[in-house]
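Subject: Handing over the structure

Hi,

Here is the structure I promised to pass on. Have a look through it first, and then read my notes below.

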Amino acid sequence: MKILVTGGAGYIASHTNLELLNAGYEVVAIDNLSNSCMESVQRVEKLTGKKIQFYEGDILDKEYLLRIFAIEKIDAVIHFAGLKAVGESCAIPLKYFNNNVSGTITLLEAMKESNVQNLVFSSSATVYGDPVSVPVTEDFPLSVANPYGRTKLMIEEMLNDLYQSDSTWNIAVLRYFNPIGAHESGEIGEDPNGIPNNLVPFVAKVAAGVLDTINVFGDDYDTPDGTGIRDYIHVVDLALGHIKAIEKLVTNPGLVTYNLGTGVGYSVLDIIHNYEKACNKKLPYKVTARRPGDIATSYADSSKALRELGWRAERSIDKMCEDSYRWQSRNPNGYLCK
Ligand code: NAD
Ligand code: WQD
C-alpha cells in the first residue's frame, strides 16, 4: 500500500514514516517545510534503508496535490500538515484557519477528484476543552478555547458532514493527547522553532544546556502537587497507532474516532523529576503564573482504540524521557536547517 503523508517532514510524521516503512508500506510525503527540515526525511531513509518520495509543496496548492495523486497511486492519506502553536493561533487566527481548515478542504477536494477516499486525520485532545471529568472518552462534549483548537474541531465537524453526504469515505479521526519523546536511535525527534511552547521540549533544552530554567506554569491547580496533569504519550506509540488506523480503514469502517493516550496522567513536577532521572542531573525550575487557557487535568480513556484497533500505548514515562534526552543531547540545536 502507498500512503501519502501530509506534513511528512514534521515531528509525528517522521516517526510515523519510519514505522510505515518498517511495516512494508510505501511512503509519499508532502511538506512545505514551514516548521520542519528535509533532514528529518533523510534520516528516516537512512534508519530504514528505504526511500520516501518527497514533494516540497503546500497542501493549499490543489494543482500540485492533483499532480501528486496523478503520479503516485495513493491508497490512503495520513493528514498531519498543520500549524499547531496555540499562542500564535490567538495572535494570527486567520493564518491558522487558512492553513489548517482551507488546507484540509483543498486536500479533501483533491482526494475526491483523484478517487482517494481513505483518510487518517490528526486531531487533538484540545477538542475536549476543559473536560468535566477524567479519563476522557470519545463521546465527551467538545469545546475549544483557542483558534488552533477551533481549527481541529471545525475540521472534525467538516469530516462528519462530508461522511454524512458520501459514505464511501473511510476516515479515522485520531485525538492525540500529549506526544513527547523520540525514536530510540536519537536520530529523529521534536525540533521546535525558537523557544519551545510545550513542556517537554522546554525541559529537554534545559537538560541539554540550551536554556537555563524551566518555568512551571502555576502550582495552585486542584491536583495532588498543584501543577497541571496531562497524558504524555511516546511518539513511537502514537506512530504505531497510525499503522493500526490504516489497517482499520482497509475494512471500510466509515468515520471512526479514537483517543490516543496512555490513560495515565503526570504532573509538571512528575515530568521534571522523571527527566532528571533520564539526564542524571538536577534541572532548575521556578514556579510562575498560570498560563492563560490552561486546564488542571486531562487524560485519556483509550479503551476504544484497544477494542477496535488492537492498539495500546506501551512505552513508559521513563522511556519517553530517556528517548527525548538522547535526541536532545545528540542534537542540542535540532536539525540545524533553520
Ligand atoms: P509539526 O509542526 O512537526 O508537523 C507539521 C508539519 O506540517 C510540519 O512539517 C510543517 O512544515 C507542515 N505543514 C504545515 N502547514 C503545511 C501546509 N500548508 N502544507 C504543507 N505542509 C505543511 O507538528 P507535529 O507535532 O508533528 O503535529 C502533526 C499534526 O498533529 C498537526 O496537525 C498537529 O496539529 C497535530 N497534533 C499535534 C500534537 C502535538 O502536541 N505535537 C497534539 C495533537 C495534535
Ligand atoms: C503541559 C503542561 C502547562 C510549558 C498543548 C496544546 C494541545 C496539544 C498538545 C496540539 C501544562 C505546563 C508547559 C512550560 C509548564 N497540541 N507547562 N511550563 O498545553 O497540555 O497541550 O500541546 O494539539 O492542543 O494546547 O501541553 O506541553 O504546553 O503543557 O509548566 O514551559 O505543562 O501548564 O500543565 P498542553 P504543554
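Leu336 sits in the segment after α11 (317–330). Helices here are DSSP runs of H or I with at least four residues, strands are runs of E with at least two, and both are numbered from the N terminus.

Before the rest, some housekeeping. This is a predicted model, where local features need pLDDT of at least 70 and side-chain atom pairs count only at pLDDT 80 or more, while totals for chains, interfaces and linings use all residues. Residues are numbered from 1 along each chain as its sequence is written, chains are lettered from A and ligands numbered from 1 in the order in which they are written, and side-chain values use heavy atoms, with hydrogens and water left out.

Most residues other than glycine have a negative phi, and most peptide bonds are trans. Leu336 has a positive phi, near 65°, in a residue other than glycine. Asn115 is not a glycine either, and its phi is positive at about 60°. You will find Asn115 in the loop between α5 (93–113) and β5, and at 65% relative accessibility Asn115 counts as exposed. There is also a cis peptide bond, from Val134 to Pro135, with omega near 0°. Pro135 lies in the loop between β5 and α6.

**Ligand 1**

Around ligand 1 there are 27 residues, and Asp31, Asn35, Ser36, Lys84 and Tyr148 come nearest (a residue is near a molecule or strand if one of its heavy atoms lies within 4 Å of it). The shell divides into 11 nonpolar, 12 polar and 4 charged residues.

Ser36 has a polar side-chain atom 2.6 Å from an oxygen atom of ligand 1, and Asn99 has one 2.8 Å from a nitrogen atom of ligand 1. Of the 810 Å² of accessible area that ligand 1 has on its own, the protein covers 95% (Shrake-Rupley method, 1.4 Å probe; for residues, only the protein chains shown count as cover). The elements that give two or more residues to this shell are α1 (11–22), β5 (118–124) and α6 (147–165). Of these, β5 gives the most, with 3 residues.

**Ser123, in β5**

Strand β5 is also the place of Ser123. Ser123 counts as buried, at 2% relative accessibility. Leaving out residues up to four places away in sequence, Ser123 touches Lys152, Glu156, Val173, Leu174, Arg175 and Tyr176 (contact means heavy atoms within 4.5 Å). With Glu156, Ser123 makes a side-chain to side-chain polar contact of 2.6 Å. A polar contact is a pair of N or O atoms within 3.5 Å; within protein, one must be able to donate a hydrogen and the other to accept it, and residues adjacent in sequence count only if both atoms are side-chain atoms.

Which of the 17 residues around ligand 2 come nearest? They are Ser124, Tyr148, Asn215, Arg230 and Asp294. Arg230 has a polar side-chain atom 2.5 Å from an oxygen atom of ligand 2, while a polar backbone atom of Asn215 is 2.6 Å from a nitrogen atom of ligand 2. The protein covers 88% of the 680 Å² of accessible area that ligand 2 has on its own. The shell divides into 7 nonpolar, 7 polar and 3 charged residues.

Strand β8 (residues 214–217) gives the most to this shell, with 3 residues. In a regular strand the side chains alternate between the two faces of the sheet. Strand β8 runs parallel to β13 (residues 285–288), and 4 bridges join them (two strands pair if DSSP finds at least two bridges between them). Phe217 stands opposite Thr288 in β13.

Over to you!

How values were computed:
Ala, Val, Leu, Ile, Met, Phe, Trp, Tyr, Cys and Pro count as nonpolar, Asp, Glu, Lys and Arg as charged, and the others, Gly among them, as polar. Buried means under 20% relative accessible area, exposed over 50%, partly exposed in between (1.4 Å probe, protein chains only).
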